Amino acid sequence: MITLSLYHTRVTKTSKHLILVPIRYIMKPMDSLTLNFLGTFHIELAAHPVTRFGTDKTRGLLAYLVLEADRAHRREKLADLLWPEQPNPAARHSLRQALVRLRDALGDAAPAILTITPATIRFNATTPHMLDCAEFAGLLQTCQNHAHHRLEDCAACIARLRQAVELYRGELLQPLFLGDSLPFEEWMLVRREALHRQALETLYTLAAHHETRGEYTATRRYAARQIELEPWREEAHRQLMRALASEEQRSAALAQYDACQKILAREFGAAPAAETQTLGEQIRNGTFCAIAPARSQRVALNVSDPGATLEAAVHPSDDDLEAQCAGLGLTALLCLAQGRLAEAHDYQLRALALQTRLGDRAQIAASHFQLGVIAHKQNDLPRATETHRRALALREQIGDKIGIGASCAALGQIELQCGNFAEALTHLNRALAIQRDVGNRLALAALLARMGECARGQGDEASATDYFRRAAEIQ
Ligand SMILES: [Zn+2]
């Protein structure tokens, strides 16, 4: 209990003098104050809940004093903040009453917690206390100051972020309602929004971290929590869709896409962004490709600490250029999957530079291909065409049949988008012949569907229907 009377004194004898030592300086941790404001309003003193605040105004007063503890607050300012509708003498009176309730609720500890003068009131921040929003902000600040290469790959920071989202049980001061105190509500909303954004970003980083490791259950958990906090958050819907599709839960992934569409339509009367639509389409037509950790054990090993891999890439040694290439290429893929296109481009260029040193033409072609994919996503169609053509030329030189098929399919898609239907059909036909040889049914169906779109673009409805029918038969 708090009966230790924080403002009582202990008598200490040194030489001839009696010295009075305020008890709070020798307060044990268990006597300390716990203030939880995230998703709740829960106060504890010496591990006992403090509940007798009486009104939300009293709770609001304590919350304001705690969160604005850097200064003493003038009584008239506090009165205006909490009772803006009342004339100042009445508001001052209401403040005095709230202060009485607050002191009663805090009991013997009140004088140590609050510094009250006739003119001002202040929360005494030197009182040992735990404040959940301060802990939350502190954990994020530590991550920001930590010297790592990438937050997503730093185990210590990921642990801190996990702790932070555990603390974020909900919006700041969620249960408080001070509808008639507009200035207070405004102050609270600004603070609430800042924490809300930080929580969303933290959850996004955690989901991305787990996605790159193929830990899809955790990816789903952190993505779903973002959607709970902000139902229209498209990047979280995409994380969830990719995780579900990677777990081969195709219909659940498509249902998630559907849910995303509905929420956006309901909230904003808008359709999902192009990136979300493309992902939905890829999942539907079977061209979605998970970045599974099993893609390459060797690469997985090299990027188990991508910071180190990237460090090595920044200072290339001749030891293991191939591993560095693989690390950079994989990082580019991960960035691409997360929609961080500028970063993906940068990593892929660095991979290309190393591959050029190694003289591996198949890998050089693959890098050009990836750069084409990135440019296409960035909607830079001329650059996408140029890099895909470069990849195609190299693949023709070395006779990489599968690579040629992929390059032709990509070029066909771009020409189709540009409305150059004849050129598109030439590329798609070539890709189709290769996929027929390889026997990739899903790729065949996707190609036939694109060819149907070309025929429709040319006004040849009969051929279009025929292509679509053949695509449907294969699926
Ligand atoms: Zn770190």
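Reader: What percentage of the 475 residues of the protein chain count as buried?
Author: This is a predicted model. The protein chain holds 21 helices and 9 strands. Of its 475 residues, the share that counts as buried is 37%.

Reader: What share of the contacts with a separation of 6 or more comes from residues 24 or more positions apart?
Author: Take the contacts in the protein chain with a separation of 6 or more. Residues 24 or more positions apart account for part of them. That part is 56%.

Reader: Which residues touch the most other members of the largest nonpolar core?
Author: The largest nonpolar core has 66 residues.

Reader: Which residues does L61 touch, not counting residues up to four places away in sequence?
Author: Set aside residues up to four places away in sequence. L61 then touches L78, L82, A98 and L102.

Reader: How many residues are in the second, separate core?
Author: This core includes A332, C335, V373 and L411. Its residue count is 49.

Reader: Are helix 14 and helix 15 roughly parallel or antiparallel?
Author: Helix 14 covers residues 321-337, and helix 15 covers residues 341-358. Their axes are 8 Å apart, at an angle of about 160°. An angle over 145 degrees counts as roughly antiparallel. That makes helix 14, relative to helix 15, roughly antiparallel.

Reader: Which residues of helix 14 make the contact with helix 15?
Author: The crossing of these two helices is left-handed. On the helix 15 side, the contact uses L341, E343, A344, Y347, Q348, R350, A351, L354, Q355, R357 and L358. On the helix 14 side, it uses L321, E322, Q324, C325, L328, G329, T331, A332, C335 and L336.

Reader: Is L336 buried or exposed?
Author: L336 has its place in helix 14. Leaving out residues up to four places away in sequence, L336 touches L341, A344 and I374. A residue with 20 or more other C-beta atoms within 10 Å is buried. L336 has 20, so it is buried.

Reader: How far apart in space are L336 and Q348, C-alpha to C-alpha?
Author: Both residues belong to the contact between helix 14 and helix 15. L336 and Q348 are 12 residues apart in sequence. In space, C-alpha to C-alpha, they are apart by 10.0 Å.

Reader: Are helix 17 and helix 18 roughly parallel or antiparallel to each other?
Author: Helix 17 spans residues 381-398, and helix 18 spans residues 401-418. They pack at an angle of about 155°, with axes 9 Å apart. Helix 17 passes helix 18 in a left-handed crossing. The two are therefore roughly antiparallel.

Reader: At roughly what angle do the axes of helix 18 and helix 19 cross?
Author: Helix 19 covers residues 421-438, and its axis comes within 8 Å of that of helix 18. The crossing angle is roughly 150°. That makes helix 18, relative to helix 19, roughly antiparallel. The angle asked for is roughly 150°.

Reader: With which residues is L442 in contact, leaving aside its neighbours within four places in sequence?
Author: L442 lies in helix 20, residues 441-457. L442 is partly exposed, with 13 other C-beta atoms within 10 Å. The C-alpha atoms of L442 and T287 are separated by 7.4 Å, though the residues are 155 apart along the chain. Beyond its sequence neighbours, L442 is in contact with G286 and T287.

Reader: What is the phi of A47?
Author: Most residues other than glycine have a negative phi. A47 sits in the loop between strand 4 and strand 5. A47 is exposed, with 11 C-beta neighbours inside 10 Å. Although A47 is not a glycine, its phi is positive, at about 70°.

Reader: Where is N379 found?
Author: N379 is not a glycine, yet its phi is positive, near 65°. N379 is exposed, with 11 other C-beta atoms within 10 Å. N379 is found in the loop between helix 16 and helix 17.

Definitions and conventions:
Residues are numbered from 1 along each chain as its sequence is written. This is a predicted model: local features need pLDDT of at least 70, side-chain atom pairs count only at pLDDT 80 or more; totals for chains, interfaces and linings use all residues. A nonpolar core is a set of buried Ala, Val, Leu, Ile, Met, Phe, Trp, Tyr and Cys residues joined through C-beta atoms within 7 Å. A residue is buried if 20 or more other C-beta atoms lie within 10 Å of its own, exposed if 12 or fewer, and partly exposed in between; C-beta atoms are placed from the backbone. Two residues are in contact if their C-beta atoms, placed from the backbone, lie within 7 Å. Axes are lines fitted to C-alpha atoms, for helices over the stretch in contact, and angles run from 0 to 180 degrees between N-to-C directions. Helices (H or I, at least four residues) and strands (E, at least two) are DSSP runs, numbered from the N terminus. Angles under 35 degrees count as roughly parallel, over 145 as roughly antiparallel, 65 to 115 as roughly perpendicular and the rest as oblique. A crossing is left-handed if the near helix is turned anticlockwise from the far one by less than a right angle, and right-handed if clockwise.
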